[in-house]
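Reader: I am new to this one. Please show me the sequence and the structure, then take my questions in turn.

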Amino acid sequence: MISDRYGRSFSNLRISLTAACNYACTYCVPDGKRLMPARAELEATEVLRAVDLMIATTGIDKVRLTGGEPLLSPKFDDLMPDLMQRPLRDVSLTTNGQLLDRKADLIIDSGLKRINVSLDTLDPERFRAIARSGDLATVQRGIDRMLDAGISVKLNMVPLRSANRDQVLPMLDYALSNGMELRYIELMKMGHLQHDPRFERDFLGMDELLDIIGSRHAFTRTDAPFDSTAVRFAVESGGTFGIIANESEPFCSSCTRLRLSSNGRLYGCLSSAKSHDIRDLLTLDDEQARERLKDVLGMALADKQPLHFTGEVTVMKFIGG
Ligand code: SAM
């Protein structure tokens, strides 16, 4: 296994199935733009080949499908059943949930055990203002289908001072009363936010979140696994929540994540624009492909920031959030 001087290696692969998205969230893309889907995206068979090579070469044992919006891509339907047959400890999915109800049978039949649904508010109008698209009730119907099937659901919320600060408690109550874990994701300086005063205006950090939550719930901080991105809390009356504290408590020193973009490039770090094309090596025979991949992974590992997330012009949806 390849590891760096901080003891980090890659065990966790996030695959962006497509850069296309049916939302245009204000914090993800500028000015309502749905950025164009990346040209020349990998086929489902190429994605599976990449997964097989990474399992063999690096000890990747966790895979998350993301995007863009992964459920928008026909590749999801082709790939999901096969991916579930791979020798992986964990397979998961991050989705905005808009197509969850429609894809529910496929997801349930594939045997997927857990998903993350991104949801920033329970107010239908505010929902459309943030996502610039979509329908809240449709997302909630999809969530209910997953819960009814016994699939574990985590909710991802990006708290924004100007748009959904008043949703911090309602979202937590919704999650707790439905047996879900809510994870607040601190706003990250990605894409257009890298040089935009809206980042400072909208950033809502862990201390303030805990103050808001503490006004209603008693909670204690719990231990999280070494490579967990979330700081986790147990609520005294039952249930848990997490904060992905990119700014307040950066977790770069224990990051084991590797990202594969929809156009076949590997990213070792969200905070670096550097990427490495692996499309060509996918066609080599196994031995040659593994040798080449080892070199590429060494370079991707060297791209990781030592400690702190510094931001990057790369848009999250291109490299998989
Ligand atoms: N379409 C899927 C979804 O909405 O879950 C997957 C892709 S989306 C880019 C993955 C996650 O990244 C979402 O939870 C989204 O809220 C988050 N995200 C996007 N831009 C972000 C930013 N600047 N800061 C923090 N989170 C961000």
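Author: One term comes up at once: a residue is buried if its relative accessible area is under 20%. Keep in mind too that this is a predicted model.

Reader: Is C255 buried or exposed?

Author: The cut-off for buried is under 20%. C255 has a relative accessibility of 13%. C255 therefore counts as buried.

Reader: How far is the nearest cysteine sulfur from C255?

Author: A disulfide needs two cysteine sulfur atoms within 2.5 Å. C255 is in no disulfide. Its nearest cysteine sulfur belongs to C252, at a distance of 6.8 Å.

Reader: How many disulfides does the structure hold?

Author: A disulfide is a covalent bond between the sulfur atoms of two cysteines. C28 is in no disulfide, and the nearest cysteine sulfur, that of C25, is 6.3 Å away. C28 is also buried, with a relative accessible area of 18%. For the structure, the number of disulfides is zero.

Reader: What share of the ligand's exposed area does the protein bury?

Author: Start with the contacts. A polar side-chain atom of S118 lies 2.5 Å from a ligand oxygen, and one of Y27 lies 3.0 Å from a ligand oxygen. G68 brings a backbone N or O atom to 2.8 Å from a nitrogen of the ligand. Alone, the ligand exposes 550 Å², and the share buried by the protein is 94%.

Reader: How many charged residues are in the shell around the ligand?

Author: The ligand is surrounded by 18 residues, with Y27, G68, E69, S118 and M188 the closest. By class, the shell has seven nonpolar and nine polar residues. The charged residues number two.

Reader: Which residue's backbone oxygen does the side chain of K75 reach?

Author: K75 lies in helix α2, which covers residues 74-83. K75 is buried, at a relative accessible area of 11%. Its side chain comes to 2.8 Å from a backbone oxygen, and that oxygen belongs to L42.

Reader: What is the radius of gyration of the protein?

Author: The protein has 10 helices and 12 strands. For 321 residues the globule rule gives 20 Å, and the protein's value is close to that, so it is as compact as a globular protein of that length. The radius of gyration is 19 Å.

Reader: What percentage of the residues is buried?

Author: The C-alpha atoms fill a box of roughly 60 × 40 × 40 Å along the principal axes. The protein has 321 residues, and the buried share of them is 58%.

How values were computed
Residues numbered from 1 in each chain as written. Predicted model: local features only at pLDDT ≥ 70, side-chain atom pairs only at ≥ 80, totals over all residues. Heavy atoms only, no water. Near = heavy atom within 4 Å. Polar contact = N/O pair within 3.5 Å; in protein donor to acceptor, adjacent residues only side chain to side chain. Areas by Shrake-Rupley, 256 points an atom, 1.4 Å probe, with all protein chains shown as cover. Nonpolar A, V, L, I, M, F, W, Y, C, P; charged D, E, K, R; others polar. Buried < 20%, exposed > 50% of the residue type's maximum accessible area, 1.4 Å probe, protein only. Helix = DSSP H or I, 4+ residues; strand = E, 2+ residues; numbered from the N terminus. Rg over C-alpha atoms; globule rule 2.2 N^0.38 Å.
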